[in-house]
Structures are given as structure tokens and as C-alpha cells.
Amino acid sequence: MTDAAGITQAVRDLYNIYPFPPDPLTAGAPPGYNWRWSVPAAHHFALGWVPRDWPELHILDAGCGTGVGTDYLAHLNPTAQVIGIDLSETALAIAQERVARSGVAQRVTFHQLSLMDVQQLSQQFQYINCVGVLHHLPDPKAGLQALASVLAPGGLLHVFVYALWGRWEIRLMQKAIRLLQPPGDYRAGVAIGRQLFAHLPADNRLVRRERERWAWDNRQDAVFADMYVHPQETDYTVETLFDLIAAGGLEFLGFSNPRYWQLERLLAPMPELLQVAQSLPRQKQYELVEALDPELTHFEFFLGRPPLRRWDATDETLLLGALAVRSPCMMGWPGRSLLDYDYQPVDITPVQQELLAQATGTTTVAQLIAQVPGATVADIRDLYQRQLLWLQPW
Ligand SMILES: C[S@@+](CC[C@H](N)C(=O)[O-])C[C@H]1O[C@@H](n2cnc3c(N)ncnc32)[C@H](O)[C@@H]1O
């Protein structure tokens, strides 16, 4: 299938049969948090600060599927207006039911609309979430350009697209199923795929990868279909990813899974090679990590629309005058052994706990340090760098 309308129709058909994600509908707020869907947390991570006064926040979930992300976006941004768009009317009906049950339906609106036509909404957004969608478009670059055209100046776009090297076994199984499946019959494709995995030799590479990495999620047919029976998928390497990003005309603000991209993770025992690697241009550093650790199955990152103001808290005068807010994206609070924004265990000192306790957004850093015996600017910087404390310099 080559023409764009045909691809779009095939993608819509797939998700009407297998709406994604197939998460159950539950009453009340969704569990925990995903910091990438908290606009202040994303802003703090990407630009190093949080504005004191947001304009009325408008958020777009582009390709919202059954609304799991949309629901989080509404709950983690309690005053925002959220719009979800998707091709699949079946997925949208589930998304609508999801936000009704979780109690945020009055702030969330859904439209059956391709993201290629997003300008029809006639509005701009301070935050756009586009997870698992662009790689299913006939022309992902055009899709990114369409989203960029409705991103407000200073706004952030969070994107998730597939990575090639960690998915090559998936690509081969997709091909095998496509060769065996009646065209467009996605249910048959799932049955064929399951048969292949059940009967190919247990040490077959595709079978091993499925068993070790994906089988638990793929118990559900909708997840299996999304992975193995998709009619349209583009997978990226670092190089083609940065081609895509360049086409969007937005600024790259960093990967939202930064631990994977740390050179030290791979090269720390080889200090001389680490030094060489650190002197490479940024994209080459990413290419090196990708080459040495090809487990990566997706890219997730933030883009921003200029003008963008970055801050790193080095200016001490501005730091002392900034308002301080304890991040809500942590588990175990109040306490000293916490899970941070990324659900990683972190320990803080008694002084830092007291600083966080008093950081409610009405006190400046200078006042906090004066109020908490033993507190120093270094404590503030440490909490700030670990994303436990948000700072509002302006
Ligand atoms: C893998 S699902 C991701 C759903 C959701 N974003 C998530 O991460 O849970 C991909 C979704 O993108 C939607 N989609 C694909 N192409 C689209 C397009 N051109 N415009 C809008 N939605 C699209 C599909 O209908 C499907 O619901």
C-alpha cells in the first residue's frame, strides 16, 4: 500500500479493531504520575525553571488512542484544558468514557481528526503530547510540521517514536506475518503471529526476543497487533531521527529518558575513551550510545518552539530570589528515602527534607535558607538538579 489516504485508512481500521492502549477503565484519578505529562515538570526538566504565572494552559494529545495519556494530562495539570485527537472513533469512544469515569470530562474534549489537519482546531497549545503516533503516519515529517504549526511560542512538544535497532526482530516478524496474512485482515495476522511464536524453535532469535522482552505485554491482542500486525511503521536511528527533528523546525531540548544517553554508563571504566567520546558533537555522542547499546526500542524527547528561555541556576542572585516549589512528582513524601520524578530511589538529608517541606511556592530560596537551620545554597542546587525542587525565577 503506498498512497497516503490508503495508509491512513489502514491505520484507522487497525485501531478500530484493536483500540490502543487496551488499559481497563477505572473510576477516579489514574495511579501515580508520569512526569512527562506534568507540564511544569516537563518545563523544569527541559528548560530548568517553571514560570510563576502560566497563561491558561491548553494541551493537545495528538493521537490520543483510548485516552490513557490524556487522562494523566488532565489530572497532572489540574487547571488545563485538554484536547485529544485521533483517527479511530472506537478508541475515542473509550477515551471519552475513561475521562468521564476519572472525573475530568469537563476539561477534556475529543475530536476525530488526523493530526495532519490539526490546524482545523484554530488554536495554539503550550504543550503537545504525541506518543507512538508519528511513526505510523505516511509522512512523519509532514506530521511533525503540522504539530509544530500549532505549538505556541515557548511551548513544548513531547514525542515518542520507534527506534530501529532494538526492534529488528519485531520488523522481521512483521514481515513474515505480512507475507502469510490475507491483506488487511488484522485478526488473522494476530492468529498467524501467535501460531508462529508457539511453533518456531524455542531458541529462534525472534521467539527468544519475544519471550524475554515483550510476551507479558503481548498477552493482550491489542498490544500484539500494535507490535506485529501494523500496516505502517517507520523506525528511526539517531541520524534519521535528527533529520525528522530538523524538518519540524523546532529546537531539540533533550531526551526524556536521559539515563540511557549517559556516556558514563557505558564508558566509565575506559576514561580515555570516555574523554574522546565527550569531545564529539552531541549527535555523534548519541550515535555512539546507540551503537554500543542497541537495546533501545524507542526515542522519547522534548522539542520547543522559540523563543525559549533556559536557566541553570548558576546566577546566585536570581537563584536566591526564585520561588521554590516542591515537585509533586515523587513517591514516599514526606520522608527521606524517596522515589524521584523518574521513580528512581533517592535519599535526602534531614535539612533537605525540611527545605522541601517548606517549599510551597510562596517562599523564596533566600527565605527558605534563612528559615531552615543548617540549610545552604548547595542543598537547594542539589534538590533542584534532582528535580525534587522546582524553581520559579520569574
Ligand atoms: C500506538 S497508539 C498510541 C496511543 C496513545 N498516544 C498512547 O501512547 O497510549 C497510536 C494512535 O495514533 C492514532 N493515529 C495514527 N495516525 C494518526 C493520525 N494521522 N492522526 C491522528 N491520530 C493518528 C491511532 O489511531 C492510534 O490510536
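Author: Phe242 and Tyr286 are both buried in this predicted model. A pair of aromatic rings is described by the distance of the centres and the angle of the planes. For Phe242 and Tyr286 the centres are 6.0 Å apart and the planes stand at 15° to each other, an arrangement that is stacked. The pair connects distant parts of the chain, as Phe242 belongs to helix 10 (residues 238-248) and Tyr286 to helix 13 (residues 282-292), 44 residues apart.

Phe252 and Phe255 are arranged in another manner: their ring centres lie 5.1 Å apart with the planes at 70°, and the pair is therefore edge-to-face, since the angle is over 60 degrees. Phe252 has a relative accessibility of 6% and so counts as buried. Phe255, at 4% relative accessibility, likewise counts as buried, because the limit is under 20%.

Across the whole structure, a search finds 26 aromatic pairs.

Aromatic rings also meet charged side chains. Arg194 is placed over the face of Phe224, 4.3 Å from the centre of the ring. In the case of Trp216, the charged end of Arg219 sits over the ring at 3.7 Å from its centre.

Notes
Residues are numbered from 1 along each chain as its sequence is written. This is a predicted model: local features need pLDDT of at least 70, side-chain atom pairs count only at pLDDT 80 or more; totals for chains, interfaces and linings use all residues. Side-chain values use heavy atoms; hydrogens and water are left out. Rings of Phe, Tyr and Trp (its six-membered ring) pair if their centres lie within 6.5 Å; planes under 30 degrees apart count as stacked, over 60 as edge-to-face and the rest as tilted. Helices (H or I, at least four residues) and strands (E, at least two) are DSSP runs, numbered from the N terminus. Buried means under 20% relative accessible area, exposed over 50%, partly exposed in between (1.4 Å probe, protein chains only). A charge sits over a ring if NZ of Lys or CZ of Arg is within 6 Å of the ring centre and within 35 degrees of the ring normal.
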